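Dear colleague,

Please find the structure we discussed handed over below. My notes on the findings follow it.

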Amino acid sequence: MAETLYHYIGGQRVAGAGERTGDITNPATGEVIAQVPFASGDEVRQAIQTAAKAHPEWAAVTPQNRARVMFRFKALIEANMDELAELTSREHGKTLSDAKGSITRGIEVVEYACGISQVLKGEFSENVGTNVDSYSVRQPLGVCAGITPFNFPAMVPMWMFPMAIAAGNTFVLKPSEKVPSTSLRLAELLEEAGAHPGVLNVVNGDKEAVDTLLTDPTVQAVSFVGSTPIAEYIYQTGTAHGKRVQALGGAKNHMVVMPDADLDQATDALMGAAYGSAGERCMAISVAVTVGDKVADALIDQLKPRVESLRIGPYNDPDADMGPLVTRQHYEKVKNYIDVGVEEGADLVVDGRGFSLQGYEDGNFIGGSIFDRVTPDMRIYKEEIFGPVLAVVRAESYDQALGLVNDHEFGNGTAIFTRDGDAARNFTARTKVGMVGVNVPIPVPVAYHSFGGWKRSLFGDHHMHGPEGVRFYTKLKTITERWPSGIRQGAEFIMPVLK
Ligand code: NAD
């Protein structure tokens, strides 16, 4: 029988109170493996109030002691890596090695949070006026919320709550209803590491839970990662309710391949970046822009046999390059995009639609696909497919390639492959994208830098984790004080000027 999941509130596993639930399926078999409760508004409010109650005591813990909790949390994640990867892969479908890689990227954020005492250190100015000193501190906001997508069940929640909690906030996390188990386990581990009950709460659910987080006046800030239409909705609704919001959306990441690029290196990069995790990464490369037909022809010649021979298998197949898509619905969506590309007149060089894996006929497996001669007016170019489908767009010049990157609706990541430093520098300076790689296909910033896109890939002012994460989850306060006491200044009716 499928297991029934729960919420995690105030340090307890709490059974769902309502009727509404969702199915969680094993993407490799289509089998229902768990039922997840969808929280009602009242259940979410209970979690928010629990977080609010836990806040004063947690905020009073010294930053160094909060950092010590993070050190223990990191060690516990490492000790439980196999279990966390299994939970992630079983619900998402990605290979275990890929899951472990993404958890490691999440751990990097915890490592950064271990330095919270250093990054929260304020600024102090002595004698800004005679006997007057001034200093700035960053203080926590209170209750913060996170809403996360299906594609990184561990890493994306870990972009958020370790920074928020290390900074002295308490947190309510609403993970994707397709992959909730990793978040539930992480909450238990954080508590084992020493966080007080109620510091990290996990509520499962859908729009009803999200809308409660967006409108409840106790929630001070909302971090969101997901698709662009929902990110825009989250930003508009959350800010209309007076909250800070950072809402990261979808992507269509272009990799420009210059005529002088090392083609073997570019091909390797494209294989991993377009097909790793079955293309279900917001930093996946979904468009290769070749500069000149010669590069395009040579690149396709190299890619075609490798895409045709991708090893595709269930998450626990150690030889698999990629697993199935997350749900049957998503599989249908990706397959439909391939139909659309054919109808639009793109040249389908490798067709993944016919792929089937013996013994896993009910799984959401799809082969890798490549479209050549894709043009900017096509839907398969404009829209995010989020599957193992690479579009090759042939540009005639570098300027045309750069124009494509800059004119696209999304601006999450991009890369240029070249041996020409002038071209690379021009690209990094002029491209209107948040994260840029030079001979690096997936330029996901390390945790002590910040992650985020431009244009319709991010709504809000702050990127995630790193210094931007600290700013997002804290408020700046500046104190001006005069000591010693007892010095009379007399009444001053003009705008005070420190002397
Ligand atoms: P999604 O937008 O469908 O869901 C994300 C979250 O929003 C989930 O928790 C979901 O329950 C909730 N949600 C869904 N519909 C909602 C609604 N109508 N109202 C309120 N909440 C709603 O995204 P997904 O399919 O889970 O994830 C894939 C998307 O996430 C892709 O577009 C991908 O590019 C994007 N993504 C972006 C980044 C980034 O850093 N920019 C990272 C990872 C994923």
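**The ligand and its surroundings**

Sorted by class, the residues of the shell around the ligand comprise 13 nonpolar, eight polar and four charged ones. Please keep in mind that this is a predicted model. In total, 25 residues surround the ligand, and the closest of them are K174, E177, S227, G249 and E384.

Which parts of the fold contribute to this shell? At least three of its residues come from domain 1 (3-249 + 457-479), and at least three from domain 2 (253-438). In terms of secondary structure, α8 (207-215) supplies at least two residues of the shell, as does β11 (219-225). The space that the ligand takes is the largest pocket.

Several backbone atoms deserve attention when you inspect the ligand. A backbone N or O atom of T148 is placed 2.8 Å from an oxygen atom of the ligand. For G226, a backbone N or O atom lies 3.3 Å from a ligand oxygen atom. G249, already listed among the closest residues, has a backbone N or O atom 2.8 Å from a nitrogen atom of the ligand. As for the area involved, the ligand taken alone exposes 850 Å², of which the protein buries 88%.

**Backbone geometry**

The peptide bond that joins W483 and P484 is cis, with omega at about 0°. P484 belongs to the segment after β23 (474-482).

The other place is S277, where phi is positive, at about 55°, although the residue is not a glycine. S277 is found in the loop that runs between α10 (263-275) and β14 (285-291).

With kind regards

Terms used:
Residues are numbered from 1 along each chain as its sequence is written. This is a predicted model: local features need pLDDT of at least 70, side-chain atom pairs count only at pLDDT 80 or more; totals for chains, interfaces and linings use all residues. Side-chain values use heavy atoms; hydrogens and water are left out. A residue is near a molecule or strand if one of its heavy atoms lies within 4 Å of it. A polar contact is a pair of N or O atoms within 3.5 Å; within protein, one must be able to donate a hydrogen and the other to accept it, and residues adjacent in sequence count only if both atoms are side-chain atoms. Accessible areas come from the Shrake-Rupley method with a 1.4 Å probe; for residues, only the protein chains shown count as cover. On a 1 Å grid over the protein atoms alone, a cavity is a set of points where a 1.4 Å probe fits but cannot get out, and a pocket is an open set with protein on both sides within 12 Å along at least five of seven lines; lining residues have an atom within 4 Å of a point. A molecule sits in a cavity or pocket if more than half of its atoms lie within 2 Å of its grid points. Helices (H or I, at least four residues) and strands (E, at least two) are DSSP runs, numbered from the N terminus. Ala, Val, Leu, Ile, Met, Phe, Trp, Tyr, Cys and Pro count as nonpolar, Asp, Glu, Lys and Arg as charged, and the others, Gly among them, as polar. Domain bounds come from an automatic or database domain assignment.
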